[in-house]
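The structure is shown first.

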Amino acid sequence: MVSASSLALRQQFNNPAQQRETVTLGMWIFLATEVMLFGALFTAYSVYRIYYTPAFTHASGEMEYWMGAVNTAVLICSSFTMALGVHSAEAGKKRLTVLFLLLTMLIGCIFLGIKFWEHYRHYLDHKVPGINFQEAGALGPREQMFFFLYFAMTGLHAFHMLVGLGVLSVMVLRVVFGSISREYHTPIEIAGLYWHFVDVIWVVLFAIFYIPGAHLR
């Protein structure tokens, strides 16, 4: 009988350990490119905030602070369930692995639901740049830049969340059909790295968009 680990080993690798190290390195390289992507946006935000500090602070005060705080707590919970899923895969506990992956996906969907509702609230408040943005006063055009960066960066983050949900869906199927086992669970670990990265990005987004104007609420 052929073991699951030998079935999972690709021919270009000498052993499972080498394959795992290579795959992990590949994911870290991918995450480095993601850091550069978000880093460029964070740099743009920082430059505009330095030049337009009063406008950005005032615009931050119009954010739905409680929604951002709840979503932060939600994603922290999803990181916890993701970590439990990885641990269960390492222990060869198939049912628990599936359970924790599904819980992570459910929590991720809750996050996206809150975020989409928050975007809709901003739409009703005429805060969508280039579509229906309305803000009286001299700070209006500069506040529009704040909301442009907000929608661009949180929208990009939401897209990454959707990709993460797709990846976890594949992981659930692989666990169910037996291609993930105690001997070979590297894909679960790699998916976990991606999910944790997306969670960390959100924490930074919450810090720069919601906290500066929280005292104005």
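Predicted model: local features only at pLDDT ≥ 70, side-chain atom pairs only at ≥ 80, totals over all residues.

1. Residues are numbered from 1 along each chain as its sequence is written, and side-chain values use heavy atoms, with hydrogens and water left out.

2. The chain has seven helices and zero strands (DSSP runs, H or I of at least four residues and E of at least two, numbered from the N terminus). Of its 217 residues, 44% count as buried (under 20% relative accessible area, 1.4 Å probe, protein chains only).

3. Helix H3 (residues 53-60) and helix H6 (residues 140-176) have axes that come within 8 Å and cross at roughly 60 degrees (lines fitted to C-alpha atoms over the stretch in contact, with angles from 0 to 180 degrees between N-to-C directions). In H3, Ala 55, Phe 56, His 58, Ala 59 and Ser 60 meet residues of H6, including Phe 146 and Phe 147 (heavy atoms within 4.5 Å).

4. The largest nonpolar core holds 49 residues, of which Phe 146, Phe 147, Ile 188, Leu 205 and Phe 209 touch the most other members (buried Ala, Val, Leu, Ile, Met, Phe, Trp, Tyr and Cys joined through side-chain atoms within 4.5 Å). Helices H2 (16-51), H3, H4 (65-90), H5 (94-124), H6 and H7 (186-209) each supply at least two residues of this core.

5. Not counting residues up to four places away in sequence, Phe 209 touches Tyr 45, Ser 60, Met 63, Phe 146, Leu 149, Tyr 150 and Met 153.

Key
Buried < 20%, exposed > 50% of the residue type's maximum accessible area, 1.4 Å probe, protein only.
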